[in-house]
Amino acid sequence: MHVDVREVDVLVVGAGAAGLFAAIHAGRAGARVLALDGAKTLGAKILVAGGGRCNVTHHAVDEKAYAGSSPNAIKNVLRRYGVAETVKFFEAYGVELKREDTGKLFPTTDDARTILNALLQAARDAGVEIQHPKRVTAIEREADGGFIVRGDWGTVRTRRVVLATGGKALPKSGSDGAGYEFARALGHTVTDHVHRELVPLILPGTHPLRALSGLTLPATLSLRAASGKVLKEFTNSLLCTHFGLSGPCALDISRYWRAAVIEDSGAGLFANFIAGEREDTLDAKLLASRAANAPAFLREFVPERLARALCEIAAIDPATSLRQLTRDQRKALARAACGLPLSVEGDRGFTYAEVTMGGVPLSEVKLDTMESRVCPGLHLAGEILDVDGRIGGFNFQWAWATGFLAGGAAGDSAQIRLNP
Ligand SMILES: Cc1cc2nc3c(=O)[nH]c(=O)nc-3n(C[C@H](O)[C@H](O)[C@H](O)COP(=O)(O)OP(=O)(O)OC[C@H]3O[C@@H](n4cnc5c(N)ncnc54)[C@H](O)[C@@H]3O)c2cc1C
């Protein structure tokens, strides 16, 4: 029996942020583009991003906001498609972005659907065909340099593949790490560790901060080496929850905490709830204070509920007069407020993570086209690469930049083939 195998110029595997962007730019280059996604709901991650408002990018993007592959390589990619280009792209589809005090850019509609609609319209305008739910189960290289892409829906032959299957965060959105296997099968390596990033942290069951569930407050979380040296630090809003810590501050430090666990480096996580104070300066203030007791003193700096929890952590009876505190009790209180060791037990896993740390190293792709160095004709874009950004729109900017480069280059090369 003869079975027709459909042919396209560029097949994009995964139609998330990076895949849609790649498909649009391949289509704009004149290629016949098919984008396949295994998910029932297209763009699920775009829709939930930024609490449903979609934090599209950040007004100041540079390599310092990212980790994973070498900063130079990350910089090299980011400079080819910057924030101004992202803003212009969405503007052309009637989407105005506003900058908030944090530097994050959101659509003025405060609705992530606006972003997804713009991407889908741009894809239609570029002649891109999107099919879903169509999960890809195999990608094979052919002797002529093309590829065969398979699923239980059939087979497609293509000149170029853009692999944009994301990482493993929020697996119910369709990103379950299948792309790493495709990359490996085509000759790539994947970092030894592929972990969740931007993920809430779990504190022990009896930890007093868990009792503060719902409380949001500014804090600094730092990862300190056994020597005391600060290795990484974030100051931002921290959310106490029934399981431990969330909010931008906890999410941002989570990858560094995880890396320290993997390396078994002995580094630990510490919290400071009082901006501008250290244990010694707060101790001096405690000594000089005329407040009646510890909660009264702490209320000047932190919410009442936290003040009481800090007393509990320091094993101080809140009713004890401040003047009656021993030197050790004062120091324990200063430590709880400005250098609290956090005995983090784990994290909430990929289901609650925003991003994946690890993936295909950037050293294995050409940075101007995102084309594989080991498998010509294959381009990689987005979170599947070993790059992860902090909270603030940096991960989408990475998806836009790599999608633009991968899709544009894949589309261009198909054009060269068509018009030799
Ligand atoms: C809750 C949440 C909130 C976030 N908020 C923000 C934010 O506000 N700002 C920001 O910058 N970043 C945010 N992020 C991170 C951001 O969403 C991701 O970094 C970005 O979406 C990655 O884009 P991607 O296209 O590489 O991967 P994904 O968005 O994960 O897309 C991959 C696509 O590939 C498809 N796929 C996977 N395997 C297959 C297969 N075998 N066959 C076919 N299709 C397949 C999946 O169905 C999916 O649609 C958030 C993430 C989460 C989970």
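**Exercise 1.** Determine whether Cys54 is buried or exposed, and state how many disulfides the structure holds.

*Solution.* Step 1: Cys54 has a relative accessibility of 0%. Step 2: the classes are buried (under 20% relative accessible area), exposed (over 50%) and partly exposed in between, with a 1.4 Å probe and protein chains only. Cys54 is therefore buried. Step 3: a disulfide requires a pair of cysteine sulfur atoms within 2.5 Å, and a search of the whole structure finds zero.

The model is predicted: local features need pLDDT of at least 70, side-chain atom pairs count only at pLDDT 80 or more, and totals for chains, interfaces and linings use all residues. Residues are numbered from 1 along each chain as its sequence is written, and side-chain values use heavy atoms, leaving out hydrogens and water.

**Exercise 2.** Describe the salt bridge between Arg135 and Asp176, and say which parts of the chain the pair ties together.

*Solution.* Step 1: a salt bridge is a side-chain nitrogen of Lys or Arg within 4 Å of a carboxyl oxygen of Asp or Glu. The closest N and O atoms of Arg135 and Asp176 are 2.8 Å apart. Step 2: helices (H or I, at least four residues) and strands (E, at least two) are DSSP runs, numbered from the N terminus. Arg135 lies in the loop between strands E7 (129–131) and E8 (138–141), and Asp176 in the loop between strand E10 (154–163) and helix H6 (178–185), so the pair joins parts 41 residues apart in sequence. Step 3: Arg135 is partly exposed at 37%, and Asp176 is partly exposed at 39%.

**Exercise 3.** Locate the partners of the salt bridge between Arg255 and Asp388, and classify their accessibility.

*Solution.* Step 1: the N to O distance is 2.7 Å. Step 2: Arg255 sits in helix H7 (residues 247–263) and Asp388 in strand E23 (residues 387–389), 133 residues apart. Step 3: Arg255 is buried at 10%, and Asp388 is buried at 2%.

**Exercise 4.** State how many salt bridges the rule gives.

*Solution.* The count comes to 23 salt bridges.
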